[in-house]
Amino acid sequence: MELKQLQYFMAICEELHFTRAAEKMGVSAPNISQQIRRLEEELGVLLFDRVGKTIVLTDAGAILHQHGAAVFGHLQQASDAIADLKQMQGGSLSIGVLPGDADLMFNALLLNFHQTYPTISLSLLETMKVTEQVLDRSIDVGVTIGPVIDERLTSIPLFHEEFSLAVSMKDPLAAENFVSLNRLHALKMVMFPPDHQCRKVIDRFCMDNGFTLQPHIVTTTLSSLLQMVQSGVGTSVLPRLLLDNLHHTDIKVVHLRNPTPSQDICLIYRSDRYVGYAMRTFIKTLKAYIETAINHAKSS
């Protein structure tokens, strides 16, 4: 079995059409058909059932497709590993995060990362399709809500994120240690838009507890939201880890209970991809950054 024959076979599996597969591989249709016939003769089995212009994989074809995918996956890993070695601790990495998480989690991290590892190029993309884009390889790694259960993906738990109420120090609520979630219904709220990931979490918990949040003001930026809370325009619900590490002296962080809105955050990447220097370094840095932020919040 020749590698080129296996490439032709995999192209036909993707297209389920000999002519389109031939065009994709840059060869003639008779040539690709001849190579597949030779492969079938060598293996002693039919790889495709041909019914008119329609073709489907046989059981033997399905087996070869599974192993062929593994072969090319290993070859890609080898190529990535060699490229990583040649780059001498450089490289590039694309990271997908949910909308809003760039402001809430990554701005300071990316600045510190670039200063520490200037030879690594990073690109950050906000997307609602983190998992899908990791799977189709349009991004290298993703940070998203867990758990993510897919045998094609490696998932690394990062942290359990709880949400708290941010109020002005001049607000009477600043004197309280905690507030029940159902009290949000009666408060003047300043929140992100409904499509923001933080807002989605809060809305889901509120709906589960029998009410719908009706914010007084909606803003798309974290800075304007915090400014309005500081000024006493309204209260807001934000990740506690973020609030504890901002250290705004004009904002009091009040626990939310009964229940406490929360979510699990994880990092994902394709299980069949080579984890090169850039990715290894980013994952190590991200985990250390989160651990430091958590410890800092506990000690403050």
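A salt bridge here is a side-chain nitrogen of Lys or Arg within 4 Å of a carboxyl oxygen of Asp or Glu. By that criterion, glutamate 15 pairs with arginine 20, with 3.6 Å between the closest N and O atoms, and the structure holds 10 salt bridges. This is a predicted model, in which local features need pLDDT of at least 70 and side-chain atom pairs count only at pLDDT 80 or more, while totals for chains, interfaces and linings use all residues. Residues are numbered from 1 along each chain as its sequence is written, and side-chain values use heavy atoms, leaving out hydrogens and water.

**Salt bridges and their surroundings**

- Glu15 and Arg20 belong to a network of salt bridges that links Glu14, Glu15, Arg20 and Lys24.
- Burial is judged by relative accessible area: buried is under 20%, exposed is over 50%, and partly exposed is in between (1.4 Å probe, protein chains only).
- Glutamate 15 counts as partly exposed because its relative accessibility is 25%, and arginine 20 is likewise partly exposed, at 39%.
- Aspartate 203 bridges to arginine 199, and their closest N and O atoms are 3.0 Å apart.
- Both of these residues sit in helix 7 (residues 197-208), 4 residues apart, about one turn of the helix; helices (H or I, at least four residues) and strands (E, at least two) are DSSP runs, numbered from the N terminus.
- Aspartate 203 counts as buried at 16% relative accessibility, and arginine 199 is buried too, at 6%.
- Aspartate 272 forms a salt bridge with arginine 270, with 2.9 Å between the closest N and O atoms.
- In that pair, aspartate 272 is partly exposed at 25%, whereas arginine 270 is buried at 14%.

**Nonpolar cores**

- A nonpolar core is a set of buried Ala, Val, Leu, Ile, Met, Phe, Trp, Tyr and Cys residues joined through side-chain atoms within 4.5 Å.
- The largest such core has 33 residues, of which Leu165, Leu184, Ile202, Leu213 and Val237 touch the most other members.
- Elements giving two or more residues to this core include strand 6 (153-168), helix 7, helix 8 (222-230) and strand 11 (251-257).
- A second, separate core has 23 residues, among them Val143, Phe159, Ala278 and Leu286.
- As general background, nonpolar side chains tend to be buried together in soluble globular proteins.

**A closer look at valine 237**

- Contact means heavy atoms within 4.5 Å.
- Leaving aside residues up to four places away in sequence, valine 237 touches Phe163, Ser164, Leu165, Leu184, Met189, Met191, Ile202 and Leu256.
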